[in-house]
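Dear colleague,

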Amino acid sequence: MRLSLLPCAGLHQPKTLRPGFARLCPATTGLRHGFVFLLSVLAVGVIAAATAASLLLLGGAAESTSYTVEQSMQAMEFARSCVERGLQDARSDMAFAGDRSYSWPRGSCRLLQIGTATDSEDVFCAEGRSGLAVRRLEVEVATLYPDVKIRSWNEVKTFTRCPAT
Amino acid sequence: MAFPHFHHRSRPIPHRCGGGFLLVEVMMGVALFAIFLLAAGLVLMNGQEGTETAGDRVRATFLAERSLEAVRDLRSVSFSSLGDGQHGVQLGVLGKWEFSGNETDALEGYRTNVTISTPGTGVKRVVAQTKWKHGVARSGSLLLTTDLTDWRSTCDVGNWASLTEEWRYVPVAGSSFNDIAVVEDRAYVVSGAVPALHILNLSTYATATYDIGGLTATAVAAKGKRLYVLTSDAAAELRVLNIENLSSPIPLNPPVSVDIAGTPTSLAIRGNELYVGLTNSNETLQPEILSFDISDSGALVPLKVGHLAPLLGFDVKGIAVRGTGAYLALYSGTMELGISDTTHATLNPNSIHNLTAWGGDEKALSVATSGTGLLIGCEKNTATSQSPEWYIEIVNGGISTPLSHLGSGSITGVSLDPQGQYAFLAAASGRKALQVVSIANFSAAGELAFFNATPPAIGRDVLYDPVRDRAYLVTSTHVVVLRPGGVPTRPCD
């Protein structure tokens, strides 16, 4: 009797052999184990890859956050610088009206027109920028002479006491 | 090709036929798994490293910020201690910040230094740099920059018990000066003669004049780089000049002016509002006080008006604005002080006061505020030959019992020092054109010093300059810069 060999590697093994064909491979053992192992590897790999990617993204996000923290801190320093310069200019010029801008290599600040508040001399509104970070300060000055007396020094989301320019 | 013959056997021989395939599969699987594992490991390490690097940077940011705060603290003690160069900062034995070496070592490999430079007069630029190195891969540095100024220092006020004339401006052509405003180191004095504007450089004492179209002027006020002048032009009394170039005023382009019905007498600025006082007592329908929005430096936007019409006979001779109050010097023998609430829809006075300490018929000519103080100068009473001025404390919107003092001649201009020690009075009299009075105790200390105008002239206005600790006396013919006698003090400039 002549027999034809049936390939073992295929996924679709006929359940019954036609005449002239002989089952040369074990029906399930080695083949199924390899297949399951491969699938397991793939599944575990996908999970591992997803986990790793998440961690990678988390690491990236943390780095991004750290840069944002740095820029935010720098933006606040620029806003403070604007207030510092504004207070000095106001003390050396009786007609000082604000509306100044200053810049540094890594950012800038803008001092809006001096605003007014009840029972206060002036309100200084300063906006510092560094990268994408923006910080705003509203500083209410009770007196300028002989000492500068600060009534309030607040970080704000939007300016409310200085005229828009 | 013919297949070899096989003998049928009861059991298959898997090892011979499938073994190779399974091995390849296993090897592929293991290889794939190894690749995944390697990739995952690398990514894990990378992610971990990113997180650690982020932590390094955040920590370094706070260390740099702490150094800037330390320098800020040192500035508060002494601005002059901020010497240019690279410094380290550390807490001293007394728990106060101090400079130490040129770098500060923090724990765990962080090093911070601050570099101080002077980018402009009175400004210190502080750059804090923090470096870190943790192994081969985790190293870096960052910078934080800030500017500091000397705004925390105190501007001294000298002892005005005696006066010294520092400089005098007497123009060649006769002038009739009326009012003065100061911007930076320039004084702008308006005159009732042509040219109407005189510019005095208070640093070099160079002078210049500006002819406002052949007009004369009665009052001037300044805000930023804009000069507001009341001129003799009946069709455009209030004019705005551009003083971007402090020495060369020019009209705005396009010109900005306002035709004010009536006779404007005085100007005052509070924030972004300009107030104009008028003598319209004979015009029942015309306001005695106006305000304009000057937040747009190229426009005068009318805001509010105030009427004294029900009390005919009241003219506004002077305005001073503080907080939400506009204080009006009323030219009336019975009511000298009017107070308008600037937050109301109109500037109609909320209260009017009769300051009759001297039994009188005195009429207010001038008013000034500083801190919580309000000073009102009056016309000389021809019946009693007395010229009182009143000093009032403004407390929670109300006024205290007035303190009064008798000056010499009609008090045409008043000014206060911000510390509340001295009142400066310009009197319309040849003798004692300027008088300095102790505010702290009008009745006891009274007049501290005076200045006789030479050449003879009458006082028109006075302005105390807290930046320089100087008083500018404006007389009918000249301007005098006065400083306190004795040891020179350290003013703000």
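In this predicted model, strand S33 of chain B is joined by four bridges to strand S34 (residues 447-451) of the chain, and the two run antiparallel; within that pairing, B:Val437 has B:Glu447 in S34(B) as its bridge partner. S33(B) is also joined to strand S32 (residues 422-427) of chain B, again antiparallel, through five bridges, and here B:Ser438 stands opposite B:Tyr422. Six residues lie between the strands in the hairpin of S32(B) and S33(B), where B:Lys432 takes a positive phi near 55°.

As for burial, S33(B), which spans residues 434-438, is mostly covered, with five of its five residues buried. In a regular strand the side chains alternate between the two faces of the sheet. In S33(B), B:Leu434, B:Val436 and B:Ser438 point one way while B:Gln435 and B:Val437 point the other way, and all are buried.

Turning to the contact between the chains, 73 residues of chain B and 65 residues of chain A take part, and the area buried between them is about 5,700 Å², of which 63% comes from carbon and sulfur atoms. The rule finds six salt bridges across this interface, including one in which the side chains of A:Arg80 and B:Glu65 meet at 3.8 Å, N to O, and it also finds 23 residue pairs in polar contact. On the side of chain B that touches chain A, the elements giving two or more residues include helix H2 (19-77) and strand S7 (138-149), and H2(B) supplies the largest share, 27 residues. By class, that side of chain B has 36 nonpolar, 22 polar and 15 charged residues.

Best regards

Conventions:
Residues are numbered from 1 along each chain as its sequence is written. Chains are lettered from A and ligands numbered from 1 in the order in which they are written. This is a predicted model: local features need pLDDT of at least 70, side-chain atom pairs count only at pLDDT 80 or more; totals for chains, interfaces and linings use all residues. Side-chain values use heavy atoms; hydrogens and water are left out. Buried means under 20% relative accessible area, exposed over 50%, partly exposed in between (1.4 Å probe, protein chains only). Two strands pair if DSSP finds at least two bridges between them. Contact means heavy atoms within 4.5 Å. Buried area is the accessible area (1.4 Å probe) that two parts lose on being put together, summed over both. A salt bridge is a side-chain nitrogen of Lys or Arg within 4 Å of a carboxyl oxygen of Asp or Glu. A polar contact is a pair of N or O atoms within 3.5 Å; within protein, one must be able to donate a hydrogen and the other to accept it, and residues adjacent in sequence count only if both atoms are side-chain atoms. Ala, Val, Leu, Ile, Met, Phe, Trp, Tyr, Cys and Pro count as nonpolar, Asp, Glu, Lys and Arg as charged, and the others, Gly among them, as polar.
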